[in-house]
Amino acid sequence: MTQSEFNQMMTFLRPKLYRFALAFVKRSDEAEDMVQEVGVKLWERHDELETLRSIEAYAMTSVKNRCLDYTRSSRSKNTDLTEALHLVHETTPYESVEQADTAAFVRKVIDRLPVQQQMIVRLRDVEGYELDEIAEMLGINDGTVRTNLSRARQKVREELVKTMARVI
C-alpha cells in the first residue's frame with residue numbers, strides 16, 4: 001500500500017474511529033490520541049494491510065482494544081460526558097429539551113451496560129455496522145452479537161419504561 005492510498009484510507013476511516021473512541025473515553029483529546037496511535041500502528045504494517053480481509057474491521061478492533069485499555073486505567077475514572085446530541089429535524093424548544101434529556105438518559109443506560117454490549121450497541125446503532133462486521137471486529141460469532149444486542153436494547157427499553165412510569 002502506497003502512502004497516498006494509506007492517506008486516503010485514513011481520511012475515510014478517521015471519523016468513524018474517532019466517534020467510536022469518543023463514545024467510550026468521553027474526551028476528544030484522548031479519542032484523537034487513540035486514533036493517532038492506531039494510525040501509526042497501521043502505517044507501520046502498511047505492507048501487510050492488503051492481506052487483511054477488512055482493513056476497517058482491523059482498525060476498529062485496534063481502537064476497541066485501546067478503549068478497553070483506557071477504561072481499565074485509572075485515567076478513565078474521572079471523565080465527563082461530552083457527547084453531543086444531533087437533532088436531524090426541526091422541533092419546538094420543549095421537544096428539543098425532551099429529546100436531549102431522553103438521549104442523555106439512554107447514553108447513561110448504555111454506559112452502565114457491560115463493555116461488550118456497549119460496543120455492540122454503538123457499532124450497530126450509532127455507526128451502522130452490520131452484525132457480521134461487528135462479529136469480525138470483536139472476534140465473536142454472529143449469534144453472540146445478536147444476543148448481546150438484544151439484551152442491551154431490552155435493558156435500555158426497561159430503564160426507559162421504568163423512568164417514564166415514574167414521571168407519569
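I take helices as DSSP runs of H or I with at least four residues, numbered from the N terminus.

The model is predicted, so local features need pLDDT of at least 70 and side-chain atom pairs 80 or more, while totals for chains, interfaces and linings use all residues. Residues are numbered from 1 along each chain as its sequence is written, and side-chain values use heavy atoms, without hydrogens and water.

Next I checked the length of α5. It covers residues 115-126, and its 12 residues should span 16 Å at 1.5 Å a residue (1.5 Å times one less than the number of residues). The end C-alpha atoms lie 15 Å apart, which agrees.

I looked up burial in α5 (buried is under 20% relative accessible area, with a 1.4 Å probe and protein chains only). Gln-117, Gln-118, Met-119, Ile-120, Val-121, Arg-122 and Leu-123 are buried.

Then I turned to α1, residues 3-25. Its axis comes within 11 Å of that of α5, and the two cross at roughly 140° (lines fitted to C-alpha atoms over the stretch in contact, angles from 0 to 180 degrees between N-to-C directions).

Which residues of α1 meet α5? I found Phe-20, Ala-23 and Phe-24, which meet Val-115, Gln-118, Met-119, Arg-122 and Leu-123 (contact is heavy atoms within 4.5 Å).

Last, I noted Lys-26, in the loop between α1 and α2 (28-44). Lys-26 is not a glycine, yet its phi is positive, about 65°. At 7% relative accessibility, Lys-26 counts as buried.

Conventions: Buried means under 20% relative accessible area, exposed over 50%, partly exposed in between (1.4 Å probe, protein chains only).
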